[in-house]
Amino acid sequence: MESPQKTSYQPAAIEEKWQKTWSELGLDKTPQDQNKPKFYALSMFPYPSGSLHMGHVRNYTITDVIARLKRMQGYRVLHPMGWDAFGLPAENAAIDRGVPPAKWTYQNIAQMRQQLQRLGLSLDWECEVATCSPDYYKWTQWIFLQFLQAGLAYQREAAVNWDPIDQTVLANEQVDNEGRSWRSGAIVERKLLRQWFFKITDYAEELLNDLEKLTGWPERVKLMQANWIGKSTGAYLEFPIVGSEEKIGVYTTRPDTVYGVSYVVLAPEHPLTQVVTTSEQKTAVEAFIKEVTNQSELERTAEDKPKRGIPTGGKAINPFTGEEVPVWIADYVLYEYGTGAVMGVPAHDVRDFKFAKEQNLAIKVVIVPEVGAEETLKTSYTEAGILVNSGDFNGINSVDAKKAITEFAEKQNFGKLRIQYRLRDWLISRQRYWGAPIPVIHCPECGIVPVPDADLPVQLPEEIELSGRGGSPLAQLESWVNVPCPTCGTPAKRETDTMDTFIDSSWYFLRFTDAKNENQVFDFQKVNDWMPVDQYVGGIEHAILHLLYSRFFTKVLRDRGLLNFDEPFQRLLTQGMVQGLTYMNPNKGGKDKWIPSNLVDANNPVDPQTGEPLQRLYATMSKSKGNGVAPEDVINKYGIDTARMFILFKAPPEKDLEWDEADVEGQFRFLNRVWRLVTDYAAAGVCKQKPELDKLSKVEKDLRRAIHIAIQAITEDVEDEYQFNTAISELMKLSNALNDASCNNSPIYAEGIQTLVILLAPFAPHIGDELWQLLGNKDSVHKQTWPSFDPAALIADEITLVIQVMGKTRGSIQVPSQADKAELEKYARESEIAQRYIEGKEIKKAIVVPGKLVNFVLG
Ligand SMILES: [Zn+2]
């Protein structure tokens with residue numbers, strides 16, 4: 001056989017070639033072969049900002065290794081990619097630069113697709129979707145109508161950010177820290193508008209309970225979801241208003257503290273503020289309410305801000321004590337939560353304590369840590385304890401008291417047990433252009449009329465001028481808004497709100513299973529065959545909303561008979577951040593303190609402006625810190641295989657990764673070593689002999705053991721926890737073992753080289769295929785079966801026995817692995833090491849630890 005020419009490792013020369021070959025071979029296409037088990041590997045799809053950053057590269061590399069591994073392990077794999085393409089940045093670009101959002105978005109997609117393709121990811125581009133494309137949002141709209149039919153979509157008034165100068169609704173991201181509009185600089189107001197909601201609260205209990213089924217999710221993500229849903233068990237209690245028939249309903253998780261109520265607080269929006277406010281307080285209260293309603297929820301509830309409030313002058317009666325307590329209005333109580341009113345128990349609540357101190361309200365202790373404890377407080381006591389000053393309930397512990405007090409209230413007819421959730425319905429209306437139009441028509445005769453399925457999609461008009469002024473862009477387009485009612489023909493108006501982009505991403509993983517279906521949202525069989533996603537990989541920033549909404553959609557569509565499973569994502573991996581070397585000038589404040597690394601000499605890090613010494617640290621790569629590393633720079637210098645190896649080796653996937661050029665070079669050198677090892681071997685002629693396992697030399701046996709230990713260890717590393725870093729360490733060990741082996745002509749050496757290339761392939765796919773071909777193989781390495789280890793090969797014939805004299809290690813010898821205690825002692829005594837260190841002294845005792853060591857105690 002002809003020896004291939006010796007070459008050096010040049011990633012640029014081989015990477016493009018293999019990407020082309022794979023695409024021609026259709027290697028990454030989703031197989032339809034039903035005989036194999038399925039595996040759905042999914043990365044969270046990106047927003048098409050126009051450029052790929054290192055965080056993307058890490059995310060997609062992790063998923064790609066998993067997809068490639070699973071293919072080699074005999075699975076049919078679905079590994080798709082798409083674009084979360086609606087959203088504000090495109091609209092802002094249009095306003096700032098006059099580029100139509102569609103054009104801007106599709107340009108960015110084209111650019112990023114090209115960047116992604118350079119990464120050599122084994123993606124099936126035939127199922128690509130873009131959420132802004134009419135053939136996708138047609139089905140987003142269809143799904144909205146499913147929710148409407150199910151009674152899970154409804155309209156009600158809710159507050160929005162209103163720019164009084166531009167006369168338009170702003171997204172939260174368009175309001176700065178000082179509460180001003182990003183464009184006009186006007187102080188943003190809160191305004192009530194009729195908006196669409198999804199009734200996610202109907203599914204609160206199931207969303208909470210089913211977290212238990214998610215055994216493949218990180219505990220912390222499940223905890224974040226549980227906290228977001230925020231189930232609590234407490235009591236609903238009614239406080240009658242003095243001089244009125246009305247009662248103030250409060251919800252509390254601490255009914256055991258009800259004897260300590262020293263005031264009641266209403267949210268500024270609560271309708272009872274009108275009833276309870278006295279004429280003396282009327283003007284002041286109205287002014288306060290006006291001021292507060294312009295603040296965002298975040299400002300009102302921020303921990304570090306003082307709680308602001310005002311007395312109404314009115315009083316309410318504590319139904320347990322008959323005592324009259326003042327009624328206040330305060331900004332920290334939100335009308336949307338609970339009943340919009342709370343009972344103030346300063347002695348046993350941190351926030352109430354602070355508020356009572358600031359407003360000089362009474363503080364009454366009703367729970368003490370133990371009987372007879374002192375009843376004065378420097379701070380609130382929020383733990384469990386024993387009730388005091390609580391009438392008939394004195395002496396009961398607070399846990400039992402909760403139940404007893406709630407039952408008493410129920411008997412007396414002024415309260416009852418209540419289960420409550422923090423989760424609120426999902427506001428999905430956006431008064432924006434670049435989103436999926438909500439497919440309903442408002443008819444003066446029929447009310448809300450769904451757009452008939454045959455008329456979907458409700459297309460976004462392309463010819464539209466976006467100014468960022470004068471309200472919703474779609475509402476300004478009369479030719480689009482005015483339509484006849486589909487039911488009765490009366491002149492009617494289209495809904496002009498578009499949907500929250502979180503809706504687009506709440507079902508894209510379903511569409512990937514049947515991405516090109518023009519007649520249906522997806523084929524029932526296909527979606528239920530591929531789903532749930534077996535491995536989902538993405539950032540922790542999506543731990544709450546995206547995952548919760550996707551779970552909600554799955555459950556709703558299941559209840560509509562479209563899906564036959566409860567949860568969309570079997571296993572979830574939240575990869576850590578990519579951090580860059582960052583320079584900071586500690587003497588500067590604000591954004592100026594970050595000195596972009598391209599302005600700093602790494603050997604002498606000083607501020608280029610002031611000459612002051614800089615601090616070095618690692619921080620998440622970002623434009624503002626100037627600490628990013630561009631993926632294309634790394635690829636141009638080292639190739640994508642090295643970049644992948646570094647990313648996978650430097651840290652376990654879920655941990656943060658510090659970008660370190662020296663370690664990137666380390667991986668480049670490793671790939672070079674593998675290259676030399678394999679090309680040297682191939683140049684000497686590939687061995688075609690079959691090994692005779694019962695006739696192996698010791699050297700061959702040792703090498704074979706190293707090979708099978710590598711297979712075993714790497715398979716375990718990639719099986720469950722995806723410990724790619726330790727898997728790559730094992731690859732390095734195998735490469736070293738081959739390098740050191742003195743049996744290059746043996747069929748075992750050939751097995752070692754082949755195995756090394758196959759095991760390397762999912763991590764460094766291009767060099768993997770190139771070396772595989774150099775070994776004379778015709779088929780792609782990615783079509784090879786993942787090797788399994790031979791347990792017999794793992795058993796060592798010999799073991800290393802450590803020899804100690806008086807507890808001190810003096811050396812080691814090789815002994816047969818089956819040797820018993822007596823034999824081990826004999827080998828040790830006779831060894832040259834023992835002879836040398838004992839020097840004829842008397843051996844008092846020999847301590848034998850089988851399989852490990854012999855220790856000689858001298859007299
Ligand atoms: Zn009508």
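Is Asn389 buried, exposed or partly exposed? I began my notebook with this residue and found that Asn389 is partly exposed, with a relative accessible area of 36%, where buried means under 20% relative accessible area, exposed over 50% and partly exposed in between, using a 1.4 Å probe and protein chains only.

**Entry 1: what I am looking at.** I note that this is a predicted model, in which local features need pLDDT of at least 70 and side-chain atom pairs count only at pLDDT 80 or more, while totals for chains, interfaces and linings use all residues. Residues are numbered from 1 along each chain as its sequence is written, and side-chain values use heavy atoms, with hydrogens and water left out.

**Entry 2: the whole chain.** I looked up the overall extent and found that the C-alpha trace of the protein chain spans about 105 × 80 × 65 Å along its principal axes. The protein chain holds 27 helices and 33 strands; these are DSSP runs numbered from the N terminus, with helices being H or I of at least four residues and strands being E of at least two. Of the 859 residues in the protein chain, 51% are buried. Contact means heavy atoms within 4.5 Å, and among contacts between residues at least 6 apart in sequence, 71% join residues at least 24 apart.

**Entry 3: the zinc ion.** I asked which residues coordinate the zinc ion. They are Cys443, Cys446, Cys485 and Cys488, each through its SG atom, at 2.1 to 2.3 Å; donors are N, O and S atoms within 2.8 Å of the metal (3.2 Å for Na, K and Ca), and because water is not among the atoms, sites may look incomplete. The site is tetrahedral, with angles of 107 to 114° among the 4 donor atoms, and four donors count as tetrahedral if all angles lie between 85 and 135 degrees. The ideal angle for four tetrahedral donors is 109.5 degrees. In sequence I read the spacing of the donor residues as C-x2-C-x38-C-x2-C. Cys443 lies in strand β19 (residues 440–443) and Cys488 in the loop between β21 (482–484) and β22 (491–494), so this pair ties together parts that are 45 residues apart in sequence. Cys443 counts as buried at 6% relative accessibility, whereas Cys488 is partly exposed at 39%.

**Entry 4: the nonpolar cores.** A nonpolar core is a set of buried Ala, Val, Leu, Ile, Met, Phe, Trp, Tyr and Cys residues joined through side-chain atoms within 4.5 Å. The largest one has 116 residues, of which Phe144, Phe198, Leu510, Phe552 and Trp659 touch the most other members. Helix α5 (residues 134–149) gives this core its largest share, 8 residues. Leaving aside neighbours within four places in sequence, I listed the contacts of Leu510, which include Phe522, Val527 and Met531.

**Entry 5: Gln141 and Pro457.** Helix α5 also contains Gln141, which is buried with a relative accessible area of 0%. Among the contacts of Gln141, leaving aside neighbours within four places in sequence, are Leu456 and Pro457. The peptide bond from Leu456 to Pro457 is cis, with omega near 0°, and Pro457 lies in the loop between β20 (447–450) and α13 (478–481). I then compared positions and found Leu377 and Pro457 to be 80 residues apart in sequence and 64 Å apart in space, C-alpha to C-alpha.

Entry 6: Most residues other than glycine have a negative phi, and most peptide bonds are trans. The bond from Met531 to Pro532 is cis, with omega near -5°, and Asn389 has a positive phi of about 50° although it is not a glycine.

Entry 7: Strands β30 (residues 798–805) and β31 (residues 808–816) run antiparallel and are joined by 8 bridges; two strands pair if DSSP finds at least two bridges between them. Leu801 stands opposite Ile813 in β31. The two strands form a hairpin with 2 residues between them, and Met806 in the turn has a positive phi of about 50°. Met806 counts as exposed, at 52% relative accessibility.

Conventions:
Tetrahedral: all angles 85-135°; square planar, octahedral: opposite > 155°, others 65-115°.
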